[in-house]
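Have the structure open as you read.

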Amino acid sequence: MALVRRTAASVAGLERDGALRGQEQWLADLASNDTSIRRQAAQALSRMPDAVAGICAHLANERSLSVRSIILTGLIVHKSPAVVRGLLPLLGSEDANLRNGAIEALQQMPDEVAPHVEAMLADPDSDVRIFAVDVLSALPHPMVPEWLRRVVTLDPHVNVCAAALDALAEAGQPEVIPALEKLADRFSDVAFIQFAVDAAIRRIRGR
Amino acid sequence: MNMPLAPTTPVISDEEFAKFCEFFYRKTGIMFDTQKKYFAERRITDRMARLGCATFREYFATIRFEASGEEMQRLVNQMTVNETYFFREDYQLKALVAGILPDLAARRRKGQPIRIWSVPCSSGEEPYSLAIYILENWADADRHDIEILASDIDSAILAAAAAGVYTERSLQRLSPDLIRRYFTRQKDNGYRISDDIRGSIDFSQGNVVDPPFMRTFRGVDVIFCRNMLIYFDDQSRRETVEAMYDCLSPGGYICLGHSESMSRISSLFRPRKYADSIIYQKPFE
């Protein structure tokens with residue numbers, strides 16, 4: 001037959017009409033064993049700002065990558081303080097896909113994330129602090145260089161400082177260079193830090 | 001007004017250019033090697049002049065920290081050259097007939113059409129190229145029903161697509177034989193595509209960020225979405241890809257433009273390599 005023109009009959013029908021379904025019904029659908037039903041529910045709930053708490057609670061337990069993805073996309077669209085509160089605990093998740101999804105989402109909510117940065121960087125778990133630095137590494141917020149400067153000045157963990165150093169190579173201004181030199185002194189026995197500080201300073205100076 | 005650069009045109013050092021390249025690549029997937037420095041530098045310095053930035057450092061801070069991302073998007077627009085013509089980026093058309101269509105055909109139930117969607121279709125060169133290329137290069141074309149859908153947000157450009165009249169420049173990649181068989185020369189020197197091909201394309205007007213419009217596309221096997229997402233902001237890009245995911249059948253494919261990469265938008269799709277092209281496949285989940 002080769003080329004045929006699409007006919008009305010060949011167009012798949014629309015999905016279940018969600019207009020009459022309420023938030024509770026969609027939230028209940030998130031418990032379905034059928035991935036497509038959960039994805040459709042997540043899509044519908046993404047248009048309901050009041051559902052943020054329920055969606056975030058579900059996200060931590062959702063196993064399907066496609067459902068996770070549409071939930072995160074919906075949360076990015078809402079980008080509210082409630083969304084940030086719901087996503088922050090995921091920085092401590094053992095699930096790398098979920099954690100990275102949360103990091104990418106948070107990177108797109110600079111104004112909403114800003115009030116939480118101090119607490120994120122003070123987390124007792126150094127891994128969580130590294131992921132907090134990851135959030136800052138692509139956060140479009142003018143305070144980022146200062147937040148990162150505080151990390152390299154104050155954080156006791158070498159890996160957290162190394163992550164911040166890496167981010168400062170891109171985001172840092174010349175004012176941060178003295179803090180980097182002090183970092184090199186603080187970890188004078190760590191060859192990697194010496195190398196990374198030199199590279200970051202060169203990058204920041206632009207020569 | 002486009003102000004000419006003053007004699008004190010700011011110079012971007014190699015170190016600054018390296019920093020810019022890493023950042024720009026992370027954000028867009030577009031990579032500049034040192035040979036392209038002049039190309040990129042001219043566009044950056046143009047944007048700097050327009051914004052009144054005295055140094056590259058000042059300009060870089062703008063694109064790095066501006067929450068709206070507006071200046072970054074303007075720069076992307078400057079860096080990308082978009083021109084449409086028949087058989088553009090034909091390595092993807094080769095991938096279509098060498099790998100994608102055989103794969104889809106092998107999984108097809110009898111009588112089930114293969115549905116290909118060109119969006120945005122602009123003035124029609126892409127959907128018509130798909131039709132011609134398939135007819136000319138896929139030996140099994142006659143054994144399957146192939147639907148080609150084509151959409152664009154711009155109703156004027158869509159009307160031009162449906163009219164199917166092109167300049168010689170648009171046809172520059174086609175052999176004289178293909179032009180002779182698929183086009184008719186017009187009195188004004190334009191070329192009109194054959195009625196058979198024109199009538200086989202289902203044109204529709206709509207916006208990919210409009211959910212009701214996107215819900216009218218289901219069971220699509222291949223989406224050609226080239227050189228559009230790069231002009232979207234992060235959020236719209238992500239929403240559009242999610243919507244396209246729902247448009248596709250399990251195992252369906254998305255073809256992006258040469259400077260676009262799905263890995264910067266979504267991890268939902270699996271990269272596949274066909275005929276030297278990276279195509280993105282929806283899992284069968």
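## Overall build of chain B

Keep in mind that this is a predicted model. Chain B has 11 helices and 10 strands. Its radius of gyration is 21 Å, close to the 19 Å that the globule rule gives for 285 residues, so chain B is as compact as a globular protein of that length. Laid along its principal axes, the C-alpha trace of chain B spans about 65 × 55 × 35 Å.

How much of chain B is buried? Buried residues account for 39% of its 285 residues. As for contacts in chain B, take those between residues at least 6 apart in sequence: 75% of them join residues at least 24 apart.

## Two domains

Chain B splits into domain 1, residues 14-79, and domain 2, residues 90-281. Their C-alpha centres lie 31 Å apart. Where the two domains of chain B meet, seven residues of domain 1 are in contact with seven residues of domain 2.

On the domain 1 side of that meeting point, helix H4 (residues 70-79) of chain B gives the largest share, with three residues. By class, this side of domain 1 of chain B has two nonpolar and five polar residues, and no charged ones.

Three strands of chain B form an open sheet in the order S3-S5-S4, with antiparallel pairing. Strand S3 (165-166) and strand S4 (183-185) of chain B sit at the edges with a single partner strand each, so one side of each has no neighbour in the sheet.

Zooming in on one of the pairings, S3(B) and strand S5 (residues 191-193) of chain B run antiparallel and are joined by two bridges. Val165(B) has Arg192(B) in S5(B) as its bridge partner.

## Helix H11 of chain B

H11(B) is mostly covered, with 10 of its 14 residues buried. The buried ones are Arg238(B), Glu239(B), Thr240(B), Val241(B), Glu242(B), Ala243(B), Met244(B), Tyr245(B), Asp246(B) and Cys247(B). What do they pack against? Within chain B, the partners are helix H10 (211-214), strand S7 (220-225) and strand S8 (248-256), and from chain A there is helix H4 (65-78).

## Where chain B meets chain A

Across the interface, 40 residues of chain B are in contact with 33 residues of chain A. On the chain B side, the elements giving two or more residues are helix H1 (14-28), helix H3 (56-65), helix H6 (125-137), strand S2 (145-152), helix H9 (195-200) and helix H11 (234-247). H11(B) gives the most, with six residues. Sorted by class, the side of chain B that touches chain A has 18 charged, 12 nonpolar and 10 polar residues.

The two chains also share strand pairing. Strand S1 (residues 2-4) of chain A runs parallel to S2(B), and three bridges join the two. At this pairing, Ala2(A) stands opposite Asp145(B) in S2(B).

Notes:
Residues are numbered from 1 along each chain as its sequence is written. Chains are lettered from A and ligands numbered from 1 in the order in which they are written. This is a predicted model: local features need pLDDT of at least 70, side-chain atom pairs count only at pLDDT 80 or more; totals for chains, interfaces and linings use all residues. Helices (H or I, at least four residues) and strands (E, at least two) are DSSP runs, numbered from the N terminus. Ala, Val, Leu, Ile, Met, Phe, Trp, Tyr, Cys and Pro count as nonpolar, Asp, Glu, Lys and Arg as charged, and the others, Gly among them, as polar. Two strands pair if DSSP finds at least two bridges between them. The radius of gyration is taken over C-alpha atoms; the globule rule is 2.2 Å times the number of residues to the power 0.38. A residue is buried if 20 or more other C-beta atoms lie within 10 Å of its own, exposed if 12 or fewer, and partly exposed in between; C-beta atoms are placed from the backbone. Domain bounds come from an automatic or database domain assignment.
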